[in-house]
Amino acid sequence: MDLTRASLLREMLSGTELGSRTTEFGYALRRFTTRRSGLMLFGPVDEEPWHLTAHLDDELHRAGIEDARPSLVRWAPPPGAPPHLAIGLDRLQDAGRGESLLVVAEENPADTLLERVSDVRRRGTTIFSIGNGDKELMSLSHETLVPELLVPDGFGWRNQSLGYDHDEPQPALTDVEPQTAEGFEMAQHLISLAAADEEAGRSGWRRRLRTAIERLSGEPA
């Protein structure tokens with residue numbers, strides 16, 4: 001998904017549960033990462049979050065926010081890897097207050113990952129996670145996101161992931177049905193855009209006040 005499609009999608013989801021949650025999640029990443037180069041991403045050994053790291057880095061660089069650009073923490077960087085791809089587990093041992101660790105785990109995380117996250121949390125690092133609702137990971141996280149959306153289902157509502165079927169041609173954004181989507185990829189694009197917002201750098205009460213004023217005046221938030 002390119003920047004234009006991701007931006008249009010974010011506009012379409014404005015005011016929905018998924019749109020609101022991903023926006024607040026992206027804002028919180030910025031607010032709680034106060035040390036330069038203090039945003040770290042981490043995931044399972046066989047599914048490191050390259051995708052989200054790259055999108056966050058691109059959006060923050062595009063917005064001129066150089067001090068919050070992320071680092072991918074890898075389980076075993078290969079010899080000779082370039083510096084930005086050679087950050088190993090030792091980085092977690094140096095983590096502390098003013099830094100944030102974003103854990104991305106689409107499946108239930110292994111005990112070895114949870115142990116690393118627990119150690120980092122004890123040193124005062126803020127833990128964010130994007131997952132499938134795993135209770136252990138959620139209990140270690142200060143802020144967590146499960147990429148789901150409430151959609152109509154007969155007589156009520158049900159949780160449904162949101163994304164695209166990559167094996168089929170992508171339809172126009174206006175034709176996308178929530179029930180055909182894959183929430184993890186979509187949520188990562190939305191979070192990357194939100195983290196690069198000018199609004200993300202403002203204190204919470206200032207942002208809420210501005211939103212309330214805009215709604216009362218009839219202007220879009």
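**Burial and overall make-up**

I started with burial: 46% of the 221 residues in the protein are buried. Buried means under 20% relative accessible area, exposed means over 50%, and partly exposed lies in between (1.4 Å probe, protein chains only). The model is predicted, so local features need pLDDT of at least 70 and side-chain atom pairs count only at pLDDT 80 or more, while totals for chains, interfaces and linings use all residues. Residues are numbered from 1 along each chain as its sequence is written, and side-chain values use heavy atoms, with hydrogens and water left out.

I looked up the secondary structure and found eight helices and seven strands. Helices (H or I, at least four residues) and strands (E, at least two) are DSSP runs, numbered from the N terminus. I then checked contacts, defined as heavy atoms within 4.5 Å. Of the contacts with a separation of 6 or more, 64% are between residues 24 or more positions apart.

**The sheet**

I traced an open sheet of five strands in the order E2-E1-E3-E4-E5, with parallel pairing. Two strands pair if DSSP finds at least two bridges between them. Strand E2 (71-72) and strand E5 (143-145) are the edges, each pairing on one side only.

I went through the bridges next. E1 and E3 run parallel and are joined by four bridges. Leu 41 stands opposite Leu 102 in E3. E3 and E4 are parallel too, with six bridges. Val 104 has Ile 130 in E4 as its bridge partner. Strand E4 (residues 126-131) pairs with E5 in the parallel sense over three bridges. There, Ser 129 has Thr 144 in E5 as its bridge partner.

H3 packs on the sheet and touches E1, E2, E3 and E4. Its direction makes about 155° with that of E1. Axes here are lines fitted to C-alpha atoms, for helices over the stretch in contact, and angles run from 0 to 180 degrees between N-to-C directions.

I checked the cover on E3: six of its six residues are buried. Ser 100, Leu 102 and Val 104 lie on one side, and Leu 101, Val 103 and Ala 105 on the other.

**Cores**

I listed the largest nonpolar core, which has 18 residues. Such a core is a set of buried Ala, Val, Leu, Ile, Met, Phe, Trp, Tyr and Cys residues joined through side-chain atoms within 4.5 Å. Phe 42, Val 73, Leu 92, Leu 101 and Val 117 touch the most other members. Strand E1 (39-42), strand E3 (100-105), helix H5 (111-122) and helix H6 (135-140) each give two or more residues. H5 gives the most, with four residues.

Leaving aside its neighbours within four places in sequence, Val 117 contacts Phe 42, Leu 101, Val 103, Ile 127 and Leu 140. Apart from this core lies another, of 16 residues, including Ala 28, Leu 56, Ala 187 and Ile 191.

I also looked at helix H7 (residues 183-195): 13 of its 13 residues are buried.

**Two single residues**

I placed Gly 43 in the loop between E1 and helix H3 (50-62). Gly 43 is buried, with a relative accessible area of 0%. Beyond its neighbours within four places in sequence, Gly 43 contacts Pro 49, Trp 75, Val 104 and Leu 113. The C-alpha atoms of Gly 43 and Val 104 are separated by 5.1 Å, though the residues are 61 apart along the chain.

Thr 53 is in helix H3. Its relative accessible area is 11%, so Thr 53 is buried. Neighbours within four places aside, Thr 53 contacts Leu 41, Pro 70, Ser 71 and Leu 72.
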